[in-house]
Amino acid sequence: MHRLPRIPESNGSPEVAPRSAVLDTIHGAGLIADRMREAGIEAEAFEVYHNVPDLSGFDLVVAPIHLSPRNPAHREAIRLKKKVISHHRAVGDLLAGVGDLRAFEVTGTRGKTTTALILAQILSTRGTVTSHTTRGIEVWREGKSEVAVSGLSITPANVIRAFEAALETGATDLVCEVSLGGTGLADFGVLTSFAGDYKVAGGSLWASTAKLQMVTLSKGGSKLIAGEDVGISADLTFGPGPRGQVWCDGREIRAEGERVTLDLGEGLDPESYAEAISGAAAAALVAGLSLTEIASALEGFEGLGGRMKSVEEDGISVLDNSNSGLRATGVEAAMDRIGGGGRVALVVGEEAETVCEGMEIPALIEILVRRRREVDILILVGDRLAPHASSLSAFTASDLNSGLSLAKTGLVKGDRLISCVKCFR
């Protein structure tokens with residue numbers, strides 16, 4: 001992989017840099033500290049959930065935005081009056097001025113992954129694009145992608161990995177989905193939505209406030225694209241309401257008076273993709289593409305796996321809605337959409353409680369109880385749902401794949417399968 005350059009030298013010696021403590025190795029502190037050292041900065045990474053490091057000898061403390069102020073290490077940094085910056089800012093500072101890439105960062109309370117992937121697909125009609133989302137790092141050429149690295153979270157530290165991959169592949173554009181804000185790297189920042197806001201940092205901070213790092217860390221000359229429910233001034237706003245300057249209804253994209261017809265795939269659910277297509281189109285417009293180019297890039301678009309994607313497998317109709325951003329409302333939307341005849345199997349739950357704050361279990365149970373008669377085979381995935389299996393007459397599974405395999409044993413040609421598991425994919 002391409003490595004970041006050292007800090008420029010002055011009078012034959014490296015510039016003086018603060019001694020930095022980077023907190024939370026679970027969320028990429030080690031990677032940030034490694035790159036700091038490669039850049040000539042003295043840095044050390046610390047695990048802070050089971051240990052309290054001695055921070056007295058450090059000038060700068062780099063902490064993830066979601067770290068609770070009640071965390072002992074974080075509290076000690078505050079007590080010692082150390083300068084504390086976020087992982088986001090540290091990553092942006094490390095990457096500033098490196099390479100010749102156009103960088104796009106996407107954040108928000110919902111729709112991040114889908115918006116980022118559609119934007120990468122659109123941009124790739126003009127050149128090579130590297131994207132990083134919950135699907136991993138992908139390289140896009142002419143609307144098609146190949147996964148280069150899978151299994152990475154969207155913590156800001158992994159923007160470094162995506163950036164290095166983009167330099168390695170000769171990409172012209174980098175599109176990154178970023179959790180809880182932007183790093184300041186972006187030439188184009190996208191705030192998808194603030195709907196369904198939630199608390200982070202041990203309940204001390206609203207996610208929307210954290211995500212506004214997209215604005216507070218933005219560099220001079222960068223452009224901001226925002227969903228109209230975000231409610232802030234932006235270079236271009238998307239949404240169906242009076243403030244929305246760009247919107248896609250599945251049949252056409254309109255942008256400030258101009259309208260272009262869309263020719264999307266027949267099996268696509270337009271309602272499920274309206275906001276993501278609109279946000280991606282708005283970002284592409286600000287980046288210099290025409291509405292006609294955008295529509296052409298989306299010709300035949302059939303959706304993304306795990307996001308209301310309809311496929312047929314061995315004669316069974318499968319609606320795949322298993323993704324990292326899944327909410328209980330998304331489960332009900334999938335149940336509404338399945339249609340058709342035959343028996344219905346529903347695989348639902350979460351692979352890990354920590355995936356994007358976990359599933360809203362009480363809301364999900366309410367839906368399952370209310371609509372249990374509509375489902376012939378119910379399979380609950382994950383430890384938190386297992387205790388409800390008996391009352392719901394359901395089977396249990398540990399993860400998505402085992403749940404799908406179990407469901408298929410009870411289905412035949414003409415039946416339907418709904419996949420709604422919250423997981424990284």
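Four strands make up an open sheet in the order 4-3-5-6, with parallel pairing; strands are DSSP runs of E with at least two residues, helices are runs of H or I with at least four, and both are numbered from the N terminus. Two strands count as paired if DSSP finds at least two bridges between them. The edges of the sheet are strand 4 (43-46) and strand 6 (83-86), each of which pairs on one side only. On average, neighbouring strands of this sheet are turned by 25 degrees against each other, direction ignored. Axes are lines fitted to C-alpha atoms, for helices over the stretch in contact, and angles between N-to-C directions run from 0 to 180 degrees.

The model is predicted: local features need pLDDT of at least 70 and side-chain atom pairs count only at pLDDT 80 or more, whereas totals for chains, interfaces and linings use all residues. Residues are numbered from 1 along each chain as its sequence is written, and side-chain values use heavy atoms, with hydrogens and water left out.

Within the sheet, three bridges join strand 3 (residues 20-23) to strand 5 (residues 60-63) in the parallel sense. Ser20 stands opposite Leu60 of strand 5. Helix 3 (residues 87-95) packs on the sheet and touches strand 3, strand 5 and strand 6; contact means heavy atoms within 4.5 Å. The direction of helix 3 makes about 80 degrees with that of strand 6.

The UniProt annotation "domain: Mur ligase central", from an unreviewed entry, covers residues 106-185; such annotations may be inferred rather than shown by experiment, and the positions are given in the numbering used here, with feature names shortened. The span 106-185 is 31% helix and 30% strand, and its end C-alpha atoms lie 11 Å apart.

Strand 9 (residues 136-141) is largely enclosed by the rest of the structure, because five of its six residues are buried; buried means under 20% relative accessible area (1.4 Å probe, protein chains only). Strand 8 (residues 129-133) pairs with strand 9 in the antiparallel sense over five bridges, and the two form a hairpin with two residues between them. Ser131 has Glu138 as its bridge partner in strand 9. Five bridges also join strand 9 to strand 10 (residues 144-149), again antiparallel, and Val147 in strand 10 is the bridge partner of Glu138. In the hairpin of strand 9 and strand 10, Glu142 in the turn has a positive phi of about 50 degrees.

Definitions and conventions:
Buried < 20%, exposed > 50% of the residue type's maximum accessible area, 1.4 Å probe, protein only.
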